[in-house]
Number of protein chains: 2
Amino acid sequence: MLLKIGELAKRTGLTVRTLHHYDSIGLLKPSARSDAGYRLYDRTDIARLHQIQALRRLAMSLSAIGALMAGTGPGLPTIIDQQLRLLGEQIERTERLRDRLGQLRQQLTDGQEPELADWLTTLELMTMYDRYFSTEELQRLAFVGTDTDRKSAWAANVTVARAMIDRGVSPSDAEAQILAARWMGMLEEDTDADPRLFHKLNHMFGEEPGIREQTGISAEVTAFIHSAFAESRLALYEKYLSPDEYAFMRTNFPGHSSDWPELIASVRQHMDHGVSPEDPEVRALAERWFTMFRRYAGDDPATWMKIRLAHEKEPGLLKAAWIDEAMITFIGKAIGRDRTPS
Amino acid sequence: MLLKIGELAKRTGLTVRTLHHYDSIGLLKPSARSDAGYRLYDRTDIARLHQIQALRRLAMSLSAIGALMAGTGPGLPTIIDQQLRLLGEQIERTERLRDRLGQLRQQLTDGQEPELADWLTTLELMTMYDRYFSTEELQRLAFVGTDTDRKSAWAANVTVARAMIDRGVSPSDAEAQILAARWMGMLEEDTDADPRLFHKLNHMFGEEPGIREQTGISAEVTAFIHSAFAESRLALYEKYLSPDEYAFMRTNFPGHSSDWPELIASVRQHMDHGVSPEDPEVRALAERWFTMFRRYAGDDPATWMKIRLAHEKEPGLLKAAWIDEAMITFIGKAIGRDRTPS
DNA sequence: GCTTGACCCTCACGCAACGTCAGGCCGTAA
DNA sequence: TTACGGCCTGACGTTGCGTGAGGGTCAAGC
């Protein structure tokens, strides 16, 4: 019983073109031709085609099917496991995508901005965050979610900051310090008080001009806030120090370098991994910590005690520093009890 | 600040070729060229590229992105909803596929047949079932799952049947009748006692020579079983009927036509959909039922009563008929109380 | 014998989003 | 001046077919 190509196509639900294709790539060559050149398929051809169809339904590529049926290449279990892994990854990727899209649509219906350009910049921001943070981290960053209140609060902060800069307000003015304190406080909350997130965020804002433009948080704004924040902290230290000590601290107080955030993030990382304070690596970190501390605290242990007192009396000093009691104890142990760090 | 193509590529993580491609399809044309013909991208180009990248991460096609950014074509919400739907379908399909593959791998490790050809025919069977039955139906068909005991039981049945045929055993022989009764009983169990599944199965075996070959359930085997099953039922009727009645029934007893299964399946369908027995469609079905009944029961109501008595006394007669009490009552109502059907 | 319509044949381009040469020009540093 | 890296355009390859174009084959009806 020989079938012509059209009949075979009808029986199998494939198209004639598909059978032509299989013939041309050598996957299924009809075992005979009529005098006129018509393809003639016999039972064995049909059986082979059925197997091909079965394998195709497993989303296997034609070349893989060919190799499998020819006996060349890896065997069944290998191929199936490969397929399984591949499909699993695909599902995961697609699901993540769909979830993100769902979130975006939610924002689209929630928010009142059907403006294409605005929406695109929002999207751009999101993808930028995606590049710098893992999915798990993103969920801990409060301002990337759907919380529009939080977003507008930040927008307000930025507007106020720019206005102050435009009005020529000094970072040492009270209103600037209040803003800076609120700013950093919100930032600590929104980074889940995790110094690693804070550090990554700083890194991202340093690397991506795009995000600075789109959030309005320019280098100028950042500098202003950091400066005002430093002023607000210095103000808290003042009454605990002698004029000389205060003057020294003021001139050497850390600016907005990324040294401290990076160090703090690193310490936190070691803590989370359960590394002992006696570990050499941790000791090195503590050493760095102590050096950086002395840079503005000076070398007099008496001054250090005063600073410690300030930390106890003024809770605002440890606020928005991404440091908690546990970390202070940890560093204390790492550095040895004889010296008193920040 | 104008960027050459390589610099832009490095900044965005794309390849030069990709940017060439975007240029050639008009998605992103650099706003300037150097004297030597080098592409020069300015800020607005870069911004546009960022938006393109953002949209690409949503798995949107380049043409869709182009249309969206040009403002032609459907707006954002439409596109997003489309994407969502598309991704959802894709996920579903892929998940079904992965599950099937997982099942197959399971069978591969369970079973002791690493023989490619055998495994391929198994796979072929599965895909054939897939074509004829929905996912939900497949779960109700006992022999398509991983139940190897059930499968080997069926294989044994087939072997026994073929042996009988080879030995020239008559369908009216006791051993043939016992086999047939077991066969049909298993079939009723394995089709979840649903006449629709039974009918579909019959249809499938009628249409697909492949499945007949691979299960070994040839037309000959089917005929033998049906014949023996009819004999076994006739034997049960015999003692309730006069010799004349029995002779009439014997000559007219339904063979293996698909009339009865189809009719029963159709009735069941209407019952499940909550259609009333008084419904014209149902009445027509009942009429057909009655006609087919009289074809072998004759026209004498006295004979009908005897048959009814047989049904009450011999539970084996309603076994493996895909008929239950509810259906008999339903048909009774549809046909009117004055006539007594099967 | 001729036409007609349904099939069949072999090219060959098109699709999506680029990867990957090939052959040649530009720019700059040694 | 030469060498090397970067840029240009053009063109083919990838996957699994869809969709013609242009032209034979076959059986039926006139």
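Two residues are in contact if their C-beta atoms, placed from the backbone, lie within 7 Å. Keep that in mind as you look through these views of a predicted model.

**View 1. Contacts within chain A reach across the sequence.** Take the contacts in chain A between residues at least 6 apart in sequence: 63% of them join residues at least 24 apart. The chain has 17 helices and three strands. With a radius of gyration of 33 Å, well over the 20 Å that the globule rule gives for 342 residues, chain A is more spread out than a compact globule. Its C-alpha trace spans about 110 × 50 × 25 Å along the principal axes. Of the 342 residues in chain A, 22% count as buried.

**View 2. Chain B meets chain A.** Here, 32 residues of chain B are in contact with 32 residues of chain A. On the chain B side, α3 (43–56), α5 (76–110) and α6 (116–132) each supply at least two of the touching residues.

View 3. DNA strand C is surrounded by 18 residues, and the closest are A:Gly6, A:Arg39, B:Arg17, B:Ala36 and B:Ser61. Two or more residues of this surface come from each of α1 (5–12) and α2 (16–24) in chain A, and from each of α2 (16–24) and α4 (62–70) in chain B. What classes of residue make up the surface near DNA strand C? You will find five nonpolar, eight polar and five charged residues there.

Conventions:
Residues numbered from 1 in each chain as written. Chains lettered and ligands numbered in written order. Predicted model: local features only at pLDDT ≥ 70, side-chain atom pairs only at ≥ 80, totals over all residues. Helix = DSSP H or I, 4+ residues; strand = E, 2+ residues; numbered from the N terminus. Near = placed C-beta within 6 Å. Nonpolar A, V, L, I, M, F, W, Y, C, P; charged D, E, K, R; others polar. Rg over C-alpha atoms; globule rule 2.2 N^0.38 Å. Buried ≥ 20, exposed ≤ 12 C-beta atoms within 10 Å, placed from the backbone.
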